[in-house]
Amino acid sequence: MKVGFIGLGIMGRPMAKNVIKAGYDLTIYARNPKTVEEFRNLGADIAQSGKEVAETSEVIILMLPNSPNVSNALFDENGIIEGLSEGKTIIDMSSINPVESQRFAEAVAIKGAKWLDAPVSGGEPKAIDGTISVMVGGDEEAYNKYYELIMSMSGNAVRVGDVGAGNTTKLANQIVVALNIAAVSEAFILAKKAGVDPELVYQAIRGGLAGSTVMDAKGPMMLNRNFEPGFRIELHIKDLQNALDTSHSVQAALPLTASVMEILQALRIDGDDVYDHSAIVKYYEKINNIEVGK
Ligand code: NAD
């Protein structure tokens, strides 16, 4: 099966490598010459444009930062839409606004092509291991047809509804993650101010009801003051913006998401948005004039 791939960054590179490992015939389009060389050496075909990827591939995978990047990849000169034809499918694994996913699906349907929105959860290590989770929205037949391809990059895939449902699910995921990191930060600050070692607090509570995957992944990063991304605050701002935009368009109120969004804005003002989202603790450290680290 001929598979195209566009968006070969932190996540896309290891995901595309897993597609090659699984034996698919991969064509990529990338702007970075180092990425082009790396994939040429792995046996991938190199296209000069999104249009060429779409012409030569039955299914095209996208792993781009946000909705405007997906829009550019589709609609710019020599973009994907120009090479698209009847029977092709785009699997957009970027985390974007679900309303935009629906708009893109309508645009490709005019060419007789299908759209699956299939954002992922789990960071770079899981992308390398091929154990990310995928939440898919879109046509069931297309989902079944490309299930094996999706599973070549992931450990778990669930179809959650029609186009847009995948990204709505991803936004729900990002709300839980952001609020959980903020809660762990507040807990560590309280402990430190009260004279109790946050490391011991973490060890004491991680096995109980307060424990979580987020606490286990991000708590040690806060305690070790290791804010290397991982998942950049800048990307989490994008996700919470999409969550708030979507919530307003469906008339849902998300007060805690709005609060954490303001914390992320404050971190951006300090230039901290390049760090991992565990650096949410830096906001709390600043307003409390204390560091939680060891
Ligand atoms: P990234 O910035 O590392 O990679 C994006 C890539 O897309 C870059 O290589 C960039 O050059 C390329 N690109 C952008 N516009 C392009 C265009 N028009 N044509 C061709 N290439 C283009 O981002 P990432 O961390 O890999 O994240 C990708 C998506 O996955 C985001 O939506 C993010 O929210 C989501 N995500 C990331 C993580 C993570 O831990 N990094 C985890 C889960 C989901």
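**Strand pairing and ring contacts**

I90 has W115 in strand 6 as its bridge partner. This is a predicted model, in which local features need pLDDT of at least 70, side-chain atom pairs count only at pLDDT 80 or more, and totals for chains, interfaces and linings use all residues. Residues are numbered from 1 along each chain as its sequence is written, and side-chain values use heavy atoms, with hydrogens and water left out.

**Strands 5 and 6**

- Strand 5 (residues 89-92) pairs with strand 6 (residues 114-117) in the parallel sense, over 4 bridges.
- Two strands pair if DSSP finds at least two bridges between them.
- Between strand 5 and strand 6 the chain passes through helix 6 (residues 98-109), and this β-α-β crossover is right-handed.
- Right-handed means that, with the strands pointing away from the viewer, the path from the first strand over the helix to the second runs clockwise.
- Helices (H or I, at least four residues) and strands (E, at least two) are DSSP runs, numbered from the N terminus.

**Aromatic rings**

- The whole structure holds 5 aromatic pairs.
- Rings of Phe, Tyr and Trp (its six-membered ring) pair if their centres lie within 6.5 Å; planes under 30 degrees apart count as stacked, over 60 as edge-to-face and the rest as tilted.
- F75 and F104 make a tilted pair, 6.2 Å centre to centre with 45 degrees between the planes.
- That pair links distant parts of the chain: F75 sits in helix 4 (residues 67-75) and F104 in helix 6, 29 residues apart.
- F75 is partly exposed, at 36% relative accessible area, whereas F104 is buried, at 0%.
- Buried means under 20% relative accessible area, exposed over 50%, and partly exposed in between (1.4 Å probe, protein chains only).
- F104 and W115 also form a tilted pair, with ring centres 5.6 Å apart and planes at 45 degrees.
- F104 lies in helix 6 and W115 in strand 6, so this pair ties together parts 11 residues apart in sequence.
- Ring pairs join F75, F104 and W115 into a cluster.

**Ligand site**

- Around the ligand are 24 residues, of which I10, M11, P65, S95 and K238 come nearest.
- A residue counts as near if one of its heavy atoms lies within 4 Å.
- Helix 4 and helix 13 (233-249) each supply at least two residues of this shell.
- A polar side-chain atom of R31 lies 3.2 Å from a ligand nitrogen atom.
- A backbone N or O atom of P65 lies 2.8 Å from a ligand oxygen atom.
- The protein covers 86% of the 840 Å² of accessible area that the ligand has on its own (Shrake-Rupley method, 1.4 Å probe).

Notes. Polar contact = N/O pair within 3.5 Å; in protein donor to acceptor, adjacent residues only side chain to side chain.
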